[in-house]
Amino acid sequence: MADQVRAVLADDHYLVREGLRQLLETSGKVRVVAATINADELLDAVRRFEPDVIVTDIRMPGASFREGFEGIDAAHRVRAEHPGTGVVVLSQYRDALFAFELFRHGSEGLAYLLKDRIGNLDDLLGAIGAVTAGGSVVEPQVVDALVRRRVRRTRPAAGGLTPREREVLGEMALGRSNAGIAQSLHLSVSAVEKNVNTIFHKLGLENAPDVHRRVAAVVKYLGAEF
């Protein structure tokens with residue numbers, strides 16, 4: 001199909017790598033042009049095939065990368081050398097530290113997904129679609145961790161998000177519209193709009209109305225004093 005997204009995969013576990021390949025290719029929306037087993041092979045494949053997106057494990061072998069952060073370091077290298085290539089990092093870590101490392105230099109074209117979510121094809125395809133369009137996706141649990149850490153490190157008035165506002169922020173980070181958030185959380189659209197406006201007011205982000213730019217702004221703001 002001419003409109004298929006061209007992807008390079010990276011995971012050192014054969015079953016995970018091939019399972020992911022089959023999952024994506026069965027959708028008919030993604031063509032896997034290479035499946036690699038370490039960060040060095042991943043970079044080589046990106047240079048050879050110039051894919052639309054890479055989907056990489058957060059940890060894997062890589063001689064020239066920090067141990068435990070190989071996928072993140074490779075993501076930064078890919079974005080620096082090929083800024084038009086989207087990156088989806090798959091992680092088993094909910095710790096905000098790893099997400100902050102990924103988004104340290106900005107969040108455009110980057111997604112951080114938990115591995116236990118990749119069985120949901122719609123979520124994975126949604127993340128791929130978002131990053132190839134220059135957007136961002138962050139797991140709600142990770143956003144919550146970022147918010148909590150941000151609030152702990154600043155004056156109470158700088159944060160103070162309620163549990164409901166953190167839920168809405170997490171849905172925003174997934175790239176959902178206000179209508180989509182309303183459906184997911186079983187709220188009215190007007191209630192979601194009120195929460196969104198309150199979130200932006202508390203976080204100083206009133207001038208970021210676009211769904212992808214607001215995710216990027218939220219991540220950047222949360223990481224600013226990490």
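## Overall architecture

The protein has ten helices and six strands. The model described here is predicted. Of the 226 residues in the protein, 51% are buried. Among contacts with a separation of 6 or more, 64% are between residues 24 or more positions apart.

## The annotated residue D57

UniProt lists D57 for "modified residue: 4-aspartylphosphate", in an unreviewed entry. The residue is located in strand β3, which covers residues 53–57. D57 counts as buried because its relative accessibility is 4%, under the 20% limit for that class.

When residues up to four places away in sequence are not counted, D57 touches A10, D11, D12, G71, L90, Q92 and K115.

V33 is in strand β2, which spans residues 30–36. Its relative accessible area is 17%, so V33 is buried. Leaving aside neighbours within four places in sequence, V33 is in contact with R6, A7, V8 and F49. V5 is 28 residues from V33 along the chain, and the C-alpha atoms of V33 and V5 are separated by 9.8 Å.

S91 lies in strand β4, made up of residues 86–91. With a relative accessible area of 0%, S91 is therefore buried. Not counting residues up to four places away in sequence, S91 touches I58, Y112, L113, L114 and K115.

## Packing of α2 with α3

Two packed helices are described by the angle between their axes and the distance between the axes. The crossing in which α2 passes α3 is right-handed.

On the α2 side, the contact is made by A39, L42, L43, V46 and R47. On the α3 side, E70, A74, R77, V78 and E81 take part. By class, this contact of α2 with α3 contains six nonpolar residues and four charged residues, with no polar ones.

## Packing of α8 with α9

Helix α8 (residues 178–185) packs with helix α9 (residues 189–203) at an angle of about 110 degrees, and their axes are 8 Å apart. That angle makes α8 roughly perpendicular to α9, because the class takes in angles of 65 to 115 degrees. As in the α2 and α3 pair, the crossing of α8 with α9 is right-handed.

The α8 residues N178, A179, I181 and A182 meet V189, V192, E193 and V196 in α9. The residues of this contact divide into six nonpolar, one polar and one charged.

## Loop residues with positive phi

Most residues other than glycine have a negative phi. E50 has a positive value, with phi near 45 degrees. The residue is placed in the loop between α2 and β3. E50 counts as exposed because its relative accessibility is 55%, over the 50% limit.

H186 also has a positive phi, near 60 degrees, in a residue other than glycine. This residue is in the loop between α8 and α9. At 70% relative accessibility, H186 counts as exposed.

## The loop residue H105

H105 is found in the loop between α4 (96–102) and β5 (110–114). Its relative accessible area is 67%, so H105 is exposed. H76 is 29 residues from H105 along the chain, and the C-alpha atoms of H105 and H76 are separated by 8.4 Å.

Notes. Residues numbered from 1 in each chain as written. Predicted model: local features only at pLDDT ≥ 70, side-chain atom pairs only at ≥ 80, totals over all residues. Heavy atoms only, no water. Axes fitted to C-alpha atoms, helices over the stretch in contact; angles between N-to-C directions. Helix = DSSP H or I, 4+ residues; strand = E, 2+ residues; numbered from the N terminus. Parallel < 35°, antiparallel > 145°, perpendicular 65-115°, else oblique. Left-handed = near helix turned anticlockwise from the far one by under 90°. Contact = heavy atoms within 4.5 Å. Nonpolar A, V, L, I, M, F, W, Y, C, P; charged D, E, K, R; others polar. UniProt positions renumbered as here; feature names shortened; annotations may be inferred. Buried < 20%, exposed > 50% of the residue type's maximum accessible area, 1.4 Å probe, protein only.
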